[in-house]
Amino acid sequence: MSLYRDEGVVLRTHKLGEADRIITVLTKRTGKIRGVAKGVRRTTSRFGARLEPFTHVDLQLHTGRTLDVVTQVETIHPYGEALVADYPRYTAGIAMLETADRLIVGEKEPALRQFLLLVGGLRALAAAEHEARLVLDAYFLRSLAVAGYAPALDTCARCQATAVRAFAIVAGGVVCGNCRPAGAAVPEGETLTLMLALLKGDWAVADASESRHRTECSGLVAAYLQWHLEHGIRSLRHVEREPAT
């Protein structure tokens with residue numbers, strides 16, 4: 001029996017049999033793993049409540065033939081407790097978990113920076129440090145950047161010209177008039193400033209942004225994310241029902 005220990009964030013769970021559960025966890029050192037938590041759906045389970053989405057946990061597992069088996073769990077931070085009572089923050093958090101799961105395809109491939117981004121994003125949501133959708137968009141942009149898909153936001157994505165006029169997802173970000181493809185969006189300058197602030201972590205600029213620029217920014221970021229993932233983020237349909245404030 002090969003035992004190993006790691007800390008991670010529970011991304012999702014689903015039932016297995018009558019009492020077990022399969023959990024998907026993004027861990028600090030191992031990367032994304034799937035494991036079986038035996039008996040956690042029984043009321044007498046010692047650690048069933050600790051293996052819920054949003055929970056930052058310390059895990060011990062032993063390697064199985066197809067799925068590893070969880071043998072010990074300790075809670076590091078139960079972020080879900082602060083999020084479930086606030087709909088905008090809860091849905092933003094769900095979108096973060098789904099995005100992390102989609103971005104990291106392979107299992108047991110170290111993804112330290114993605115792990116740290118997710119923990120930081122959940123911590124900011126739980127602490128209500130900033131408006132929920134701003135935190136979510138910042139997470140989207142930074143996680144894309146770590147994955148190698150950072151959008152160009154200050155110079156043309158194709159020719160590096162500084163006089164940008166539009167945002168083209170297929171081109172990789174902002175483009176100048178000469179490089180602008182058909183169908184490119186033409187956001188306000190303040191919207192692009194907000195996107196750049198979120199990517200860089202300039203919260204003074206982000207928090208001072210206007211509602212209409214946040215709404216426009218969210219639409220562009222969501223479209224850019226889903227185009228690169230080649231898959232829709234289902235939880236975004238709920239996030240987008242909440243107007244920016």
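Select helix H2 (residues 87-103) to start: H2 lies across S1, S2 and strand S3 (32-37) and runs at about 110° to S1. Contact here means heavy atoms within 4.5 Å. Axes are lines fitted to C-alpha atoms, for helices over the stretch in contact, and angles run from 0 to 180 degrees between N-to-C directions. Helices (H or I, at least four residues) and strands (E, at least two) are DSSP runs, numbered from the N terminus.

A word on the model before going on. This is a predicted model, in which local features need pLDDT of at least 70 and side-chain atom pairs count only at pLDDT 80 or more, while totals for chains, interfaces and linings use all residues. Residues are numbered from 1 along each chain as its sequence is written, and side-chain values use heavy atoms, with hydrogens and water left out.

**Stop 1: H2 against H3**

Keep both helices selected. H2 and H3 pack at an angle of about 175°, their axes 10 Å apart. H2 is therefore roughly antiparallel to H3. The angle classes are: under 35 degrees roughly parallel, over 145 roughly antiparallel, 65 to 115 roughly perpendicular, and the rest oblique.

Show side chains. From H2, the contact uses Arg89, Ala92, Gly93, Met96, Leu97, Ala100 and Leu103. H3 supplies Gln114, Leu118, Gly121, Leu122 and Leu125. By class, this contact of H2 with H3 divides into eight nonpolar, three polar and one charged. Ala, Val, Leu, Ile, Met, Phe, Trp, Tyr, Cys and Pro count as nonpolar, Asp, Glu, Lys and Arg as charged, and the others, Gly among them, as polar.

**Stop 2: the barrel**

Now select the five strands S1-S2-S3-S5-S4. In that order they form a closed barrel with mixed pairing. Neighbouring strands of this sheet are turned by 50° against each other on average, direction ignored. Two strands pair if DSSP finds at least two bridges between them.

Begin with strand S1 (residues 3-16) and strand S2 (residues 20-27). S1 and S2 pair in the antiparallel sense over eight bridges. Pick Lys15: Arg21 in S2 stands opposite.

Move to S3 and strand S5 (residues 68-78). These two run parallel, joined by two bridges.

Next, take S4 with S5. S4 and S5 run antiparallel, with eight bridges between them. Leu59 faces Val73 in S5 across the pairing. Follow the chain from S4 to S5: a hairpin joins them through five residues.

**Stop 3**

Select strand S6 (residues 164-168) and strand S7 (residues 173-176). Four bridges pair S6 with S7 in the antiparallel sense. Val164 stands opposite Cys176 in S7, and Ala166 stands opposite Val175 in S7. S6 and S7 form a hairpin with four residues between them. Click Gly172 in the turn: its phi is positive, about 100°.

**Stop 4: H4 on H5**

Select helix H4 (residues 132-146) and helix H5 (residues 189-200). They pack at an angle of about 70°, with their axes 8 Å apart. H4 is therefore roughly perpendicular to H5. H4 passes H5 in a right-handed crossing. A crossing is left-handed if the near helix is turned anticlockwise from the far one by less than a right angle, and right-handed if clockwise.

On the H4 side, show Leu134, Asp137, Ala138, Leu141, Arg142 and Ala145. They meet Leu194, Met195, Leu198, Leu199 and Lys200 in H5. By class, the contact of H4 with H5 has eight nonpolar, no polar and three charged residues.

**Stop 5: H5 on H7**

The axes of H5 and H7 come within 9 Å and cross at roughly 65°. H5 and H7 are therefore roughly perpendicular to each other. Their crossing is right-handed.

H5 contributes Glu190, Thr191, Leu194, Met195 and Leu198 to the contact. H7 contributes His213, Arg214, Glu216, Cys217, Leu220 and Val221. The contact of H5 with H7 has six nonpolar, two polar and three charged residues.

**Last view: the whole chain**

Zoom out. The secondary structure of the chain comes to eight helices and seven strands. The radius of gyration, taken over C-alpha atoms, is compared with a globule rule of 2.2 Å times the number of residues to the power 0.38. The chain has a radius of gyration of 20 Å, close to the 18 Å that the globule rule gives for 245 residues, so it is as compact as a globular protein of that length. Along the principal axes, the C-alpha atoms fill a box of roughly 65 × 35 × 25 Å.
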